[in-house]
Amino acid sequence: MSIEAEREAVALEGPILVIGAGLIGGSIGMALAHAGLDVLVRDSSPGTTLLACELGAGRQEERGDSPQLVVVATPPDVSARIVLEALEEFPEACVLDVASVKQHIAEEILAGARARGLDSSRYVGTHPMAGREVAGVVAARGDLFRGRAFVVVPTPATSPRSYALAKLLGIELGAAVVEIDPDAHDEAVAYVSHVPQIVASLLAGRLTSASEAALGLSGQGLRDTTRIAASDPRLWVEILSANAGRIAPILRALGDDLAELTQALEVLNEPDPQPGSRARIARAIASGNDGVARIPGKHGGGAENFCKLTVLVPDEPGELARLLGDMGEEQINLEDLRLEHSLGQRVGLAHVSVMRADEQRLTAMLEKRGWARAGTE
């Protein structure tokens with residue numbers, strides 16, 4: 001049988017054992033259980049196992065259970081050990097981990113499998129690119145992965161069957177499956193996940209020195225840039241430590257950028273500012289514009305394919321639903337929606353994103369139906 005045929009012959013039937021009933025493991029269990037699959041839950045804490053089962057993440061293991069697939073959803077510092085134990089305990093099962101770093105975990109698993117005589121073809125790495133700033137199974141959601149990337153990171157030893165099951169898992173979670181090699185994965189997440197976490201945490205840390213009056217002026221910009229700073233410190237110590245070699249060069253370059261910008265700002269305070277300081281500040285902001293423009297949109301296009309209009313929505317029941325209903329009646333597809341509303345304001349701001357081709361129709365609809373606008377991007 002060819003590799004392609006073997007992949008096509010595989011079906012995700014279960015049982016599926018989820019080891020680690022935290023946010024990610026619990027969310028995977030909820031999604032699969034809701035889809036009708038038999039999900040088994042195991043956690044180092046018996047109480048957490050019971051809680052996860054009561055919340056709908058699956059059921060407790062019973063004697064004789066033989067999982068088709070084992071999902072290791074533990075912190076990265078123990079993922080390799082748990083994967084090796086699962087390969088040994090369940091000699092017929094495929095085993096995958098969902099840790100956010102892949103290279104060193106894959107190397108440790110392959111080396112451990114050789115030393116212990118285990119079949120490493122039954123292992124494949126994965127990384128669902130979703131999460132929340134709150135931890136634990138109580139924060140788990142069955143729709144957490146819908147529309148998000150589910151990265152499959154096979155090793156040279158991964159069998160077609162293991163690869164196929166990992167891909168089917170991502171599809172069952174409602175995610176978009178992407179394949180990438182371990183080294184490229186770890187470099188990618190350093191840019192799009194790990195460094196943003198550090199920057200958000202450092203920025204939020206500076207707020208401890210701000211006055212209550214200053215914090216009272218906080219708007220959506222501050223909330224957007226610090227949202228993920230509420231993440232679990234213990235988990236992030238392990239994640240950042242595991243990918244330190246790829247994170248450090250990016251932080252060093254960012255530090256150089258900050259030093260240059262700081263110097264330009266300090267010069268502006270001098271009686272006779274050095275020429276070019278304002279240009280350096282402008283270049284820093286413009287560089288950010290260029291970076292944002294590279295972030296893909298919902299359908300994979302760049303920012304130039306989309307238009308964002310800001311609509312004033314009265315702070316009254318049903319008004320946001322009315323806006324979305326008006327768009328639906330005009331057959332205008334909503335690409336993205338972000339809400340901004342500060343305490344005491346009588347209106348909220350709905351930042352509505354549509355395809356650039358729909359901009360004129362949306363503008364006309366808003367005017368016709370009496371919606372006030374605050375701007376267009």
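Figure 1. The protein has 14 helices and 12 strands, and the model shown is predicted. Along the principal axes, the C-alpha atoms fill a box of roughly 70 × 55 × 45 Å. Of the 377 residues, 38% count as buried. Among contacts with a separation of 6 or more, 71% are made by residues 24 or more positions apart.

**Figure 2. The largest nonpolar core, with 30 residues.** Those with the most contacts inside this core are I28, L32, L69, V71, L96, L169 and L173. At least two core residues come from each of β1 (16-19), α2 (23-34), β4 (69-72), β5 (94-97), β7 (149-153) and α6 (160-172). Helix α6 gives the most, with 5 residues. In soluble globular proteins, nonpolar side chains tend to be buried together.

**Figure 3. Surroundings of L32.** Not counting residues up to four places away in sequence, L32 touches I16, L37, V39, L169, E172 and L173. Among these contacts, L169 and L173 are also listed with L32 among the residues with the most contacts inside the largest core.

**Figure 4. Packing of helix α7 against helix α11.** Two packed helices are described by the angle between their axes and the distance between the axes. For α7 (residues 182-206) and α11 (residues 244-268), the angle is about 50 degrees and the axes are 9 Å apart. The crossing of the two helices is right-handed.

**Figure 5. Residues at the contact of α7 with α11.** On the α7 side are D183, D186, E187, A190, Y191, H194, V195, I198 and V199. They meet R246, I247, I250, L251 and L254 of α11. By class, this contact has 9 nonpolar, 1 polar and 4 charged residues.

**Figure 6. N243, in the loop between α10 (233-242) and α11.** N243 has a relative accessibility of 0% and therefore counts as buried, the cut-off being under 20%. Leaving aside neighbours within four places in sequence, N243 is in contact with V101, D186, V189, A190 and H194. Of these, D186, A190 and H194 also belong to the α7 residues that meet α11.

**Figure 7. V151 in strand β7.** V151 counts as buried because its relative accessibility is 8%. Apart from residues up to four places away in sequence, V151 touches G125, T126, H127, M129, V178, I180 and H185. K167 is 16 residues from V151 in sequence, and the distance between their C-alpha atoms is 8.7 Å.

**Figure 8. M129, in the loop between β6 (123-128) and β7.** Is M129 buried or partly exposed? M129 counts as partly exposed because its relative accessibility is 25%, whereas V151, one of its contacts, is buried. Besides V151, and leaving aside neighbours within four places in sequence, M129 is in contact with R148, A149, V189 and V192. V189 is also a contact of N243. The C-alpha atoms of M129 and A21 are separated by 18 Å, with the two residues 108 apart along the chain.

Terms used: Residues are numbered from 1 along each chain as its sequence is written. This is a predicted model: local features need pLDDT of at least 70, side-chain atom pairs count only at pLDDT 80 or more; totals for chains, interfaces and linings use all residues. Side-chain values use heavy atoms; hydrogens and water are left out. A nonpolar core is a set of buried Ala, Val, Leu, Ile, Met, Phe, Trp, Tyr and Cys residues joined through side-chain atoms within 4.5 Å. Buried means under 20% relative accessible area, exposed over 50%, partly exposed in between (1.4 Å probe, protein chains only). Helices (H or I, at least four residues) and strands (E, at least two) are DSSP runs, numbered from the N terminus. Contact means heavy atoms within 4.5 Å. Axes are lines fitted to C-alpha atoms, for helices over the stretch in contact, and angles run from 0 to 180 degrees between N-to-C directions. A crossing is left-handed if the near helix is turned anticlockwise from the far one by less than a right angle, and right-handed if clockwise. Ala, Val, Leu, Ile, Met, Phe, Trp, Tyr, Cys and Pro count as nonpolar, Asp, Glu, Lys and Arg as charged, and the others, Gly among them, as polar.
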